[in-house]
Amino acid sequence: MQINQVALDSNGPKIAVVESRSDASAGRYRVLQDKHQVGEGELRALPAFTEWGEGRRYFAADFSSFTQTGTYQIVVDMSGQSAASAPVPVHANALFSTTAASLLDYFKKSRNTSSADHKIRIYGTPRYVDVWGGWNDAGGDNGKYLSHLSYAHFFNPQQASMVTWVLAKTADSTPSLYRQAGLEAAVLEEAFWGADYLHRILDRQGYFYMTVFDKWGTNNAERVVTGFEGIDGVYTRNYKSSFRAGGGMAIAALARASILARNSGKHGRYTASTYLADAQRAFDHLEKHNREYCSDGVENIIDDYTALMAATELHHATHQQRYLDAARLRAAHLNARLNASGVFISDQGERPYYHGAEAGFPIVSLAYYHEAETDTLLRNQASKTIAAALSKQLAMNRSVANPYNYARQTFRTFADGRLSDSSYEGFFMPHANETGYWWQGESARLSSLSTAALLGGRVSNPDPAGAFGVSKELAEFAQNQIDWTLGRNPYGMTMLYGFGKLNPPSAESAGTMLAGGISNGITGAQDSPLGAGIAFAPGPDEEQWRWVEQWIPHSAWLLLNASAMAPKQ
């Protein structure tokens with residue numbers, strides 16, 4: 001039996017999934033609170049599902065109606081046998097209050113403080129720059145990235161700048177959450193640590209350095225400011241960040257850090273005015289030069305949603321009309337990218353948008369823009385786009401048997417060096433894709449979609465009386481994505497290290513494991529180009545990073561998710 005092993009909100013959905021290898025078609029469950037039975041019911045049989053293995057039947061035990069604080073277990077009785085779930089605490093504001101301290105500590109312990117980074121060469125030039133600070137990207141990688149995978153055009157994840165923005169945004173917008181948890185000083189310190197790093201990697205010309213990289217510490221490679229390509233980490237001169245390559249979120253982060261510094265009366269090595277001046281200078285520069293820095297010279301959906309975030313945050317920081325105008329332009333682009341079926345289009349043609357780390361970001365960016373927009377017609381258009389995109393997501397999940405309600409995506413097949421014209425829907429990212437090597441577990445993607453369901457749902461499908469302020473189906477979808485990461489998955493494994501009954505194993509290729517870090521997670525079967533089937537850490541060791549390694553975007557998205565899931569302050 002699989003259940004969220006970390007924390008469930010008192011008023012939120014609470015569903016355990018039972019996997020049975022027996023022929024039983026029915027069973028009962030008992031609800032224990034602090035070891036005392038408080039309820040019982042009939043298991044709900046779920047549709048037959050064989051994509052992840054034959055010979056299993058699936059059932060659900062829904063105990064959402066139990067809202068009292070306590071530690072709960074579900075005991076299932078079926079075919080004369082009994083099984084008990086792992087215990088799970090249930091209380092108000094559960095996700096944030098349980099995880100925030102460890103997530104912040106993970107970032108602090110992931111800081112890069114190597115003195116060597118005070119003087120690093122820019123690849124292909126004789127110039128040396130100070131790029132000290134920031135965070136190591138992952139457990140086995142002391143590189144520092146605003147984004148990687150730029151050469152593949154549509155796969156850029158937001159990395160160090162995303163972490164900084166999440167810290168600054170949540171600290172500024174939900175300060176009482178941190179204050180009540182005794183974490184106010186910790187989140188301010190970490191947010192300004194990130195903002196100070198972004199200041200250092202902003203070149204005098206107005207662009208951000210995309211990566212500080214040493215080929216993952218192999219073969220005594222020189223550590224340089226560079227771009228890189230492929231599994232061999234080939235250095236390139238494409239080190240200037242476009243909006244989609246981390247520049248947009250770096251601007252958003254610095255703008256929000258300036259607001260946080262003003263509102264808190266605190267700052268890092270630099271001041272509120274410096275952070276804001278950096279953000280404005282970088283935005284002006286990318287407005288003129290972004291296409292030059294794009295890997296293919298053409299903007300795509302990631303440029304749109306990251307530039308939308310940048311413009312929206314600059315508008316919040318300055319209240320200048322020019323930034324609202326820029327945000328309106330990018331929001332209009334995103335609205336236009338949603339096709340008739342509710343799928344966002346990545347390019348200028350018909351390539352569906354899918355992403356291994358931030359699939360919910362288009363909706364999240366529109367939800368934040370919606371807060372800032374003053375024009376009723378434009379607010380309504382953003383709300384309409386959000387509603388259609390969320391409706392499509394829920395429809396994809398319902399369209400097939402899906403016992404864990406795992407978020408599905410629309411993909412294109414990639415073979416012989418080209419993308420096909422036919423689309424298909426699936427659970428996990430295809431292993432054959434334009435990057436040539438990159439596929440891994442999707443913990444960040446799940447948190448991004450949960451956040452999208454919460455923030456977007458409050459815009460397009462609000463239900464003040466419902467769980468998390470959204471419709472029942474969106475609330476369950478949002479909770480189920482988090483449940484997967486926190487133990488309610490076929491492996492019964494909690495990807496958030498230091499929590500739950502079972503954590504991922506260590507592996508040499510995955511590097512250091514820290515409490516509060518989140519492993520990449522579960523993927524499609526290792527030998528499936530389409531990402532069909534299911535796998536977790538089958539080996540060999542040099543491949544284990546795909547499942548086991550901790551990565552800073554996972555913890556960043558979970559922290560944003562936890563803030564969004566908490567009651568409005």
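Which residue forms a salt bridge with Asp117? The partner is Arg223, and the closest N and O atoms of the pair are 2.8 Å apart. A salt bridge here is a side-chain nitrogen of Lys or Arg within 4 Å of a carboxyl oxygen of Asp or Glu. Asp117 lies in the loop between helix H1 (94-109) and strand E10 (120-122), and Arg223 in the loop between strand E13 (211-213) and strand E14 (224-229), so the pair ties together parts that are 106 residues apart in sequence. Asp117 is buried, at 0% relative accessible area, and Arg223 also counts as buried, at 15%. Buried means under 20% relative accessible area, exposed over 50%, and partly exposed in between (1.4 Å probe, protein chains only).

The model is predicted: local features need pLDDT of at least 70, side-chain atom pairs count only at pLDDT 80 or more, and totals for chains, interfaces and linings use all residues. Residues are numbered from 1 along each chain as its sequence is written, and side-chain values use heavy atoms, without hydrogens or water.

The protein has 14 helices and 17 strands, which are DSSP runs numbered from the N terminus (helices H or I, at least four residues; strands E, at least two). Buried residues make up 63% of its 569 residues. Along the principal axes, the C-alpha trace spans about 75 × 50 × 45 Å.

Two of the helices can be compared with their expected span, which is 1.5 Å times one less than the number of residues. In H14, 14 of 14 residues are buried. Helix H2 (residues 160-173) reaches 20 Å from its first C-alpha to its last, close to the 20 Å expected, and 13 of its 14 residues are buried.

By the salt-bridge rule the count comes to 31. One of them joins Arg398 to Glu473, with the closest N and O atoms 2.4 Å apart. Arg398 lies in helix H10 (residues 376-398) and Glu473 in helix H12 (residues 472-485), so this pair ties together parts that are 75 residues apart in sequence. Arg398 is exposed at 52% relative accessibility, while Glu473 is partly exposed at 35%. Arg445 and Glu442 meet in another salt bridge, at 2.7 Å from N to O, and both residues are buried. A network of salt bridges links Arg291, Glu299, Asp304, Arg330 and Arg337.
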